[in-house]
Amino acid sequence: MDDTIETIEGRVLEALPSTLFKVEGTDKKEYLSYLGGRMRVNKIKVLVGDKVLLQLDPYGGKSRIIKRL
């Protein structure tokens with residue numbers, strides 16, 4: 001079993017309710033993403049058009065925004 005978590009860069013396309021975002025990754029796929037814990041705690045704002053670093057879910061669900069670039 002491979003326990004590595006894949007991270008990719010992406011660009012925020014749309015801001016959705018409940019701090020969800022639609023993000024286009026560098027692989028041209030769209031991901032439904034939510035803010036990671038440290039981004040919520042430190043109140044880091046994410047706007048449409050921002051470049052972000054995503055942590056992909058190994059099961060194909062939502063991805064997590066872990067850093068704003």
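A: A residue is called buried under 20% relative accessible area, exposed over 50%, and partly exposed in between (1.4 Å probe, protein chains only). Lys62 counts as partly exposed because its relative accessibility is 42%. This is a predicted model, in which local features need pLDDT of at least 70 and side-chain atom pairs count only at pLDDT 80 or more, while totals for chains, interfaces and linings use all residues. Residues are numbered from 1 along each chain as its sequence is written, and side-chain values use heavy atoms, with hydrogens and water left out.

Q: Where is Lys62 found, and with which residues is Lys62 in contact, leaving aside its neighbours within four places in sequence?

A: Strands are DSSP runs (E, at least two residues) numbered from the N terminus, and Lys62 is found in the loop between β4 and β5 (63–68). Contact means heavy atoms within 4.5 Å; beyond neighbours within four places in sequence, Lys62 touches Leu20, Leu32, Tyr34 and Asp57 in this sense.

Q: Which strands does β1 pair with?

A: Two strands pair if DSSP finds at least two bridges between them. Strand β1 (residues 7–16) pairs with β4 (residues 51–55) in the antiparallel sense over five bridges, with Glu9 and Leu53 as bridge partners. Six bridges join β1 to β2 (residues 20–25), also running antiparallel, and here Val12 stands opposite Val23.

Q: Which residues make up the largest nonpolar core?

A: In soluble globular proteins, nonpolar side chains tend to be buried together. A nonpolar core is a set of buried Ala, Val, Leu, Ile, Met, Phe, Trp, Tyr and Cys residues joined through side-chain atoms within 4.5 Å. The largest one here has 12 residues, including Val12, Phe21, Val23 and Leu56.

Terms used:
Helices (H or I, at least four residues) and strands (E, at least two) are DSSP runs, numbered from the N terminus.
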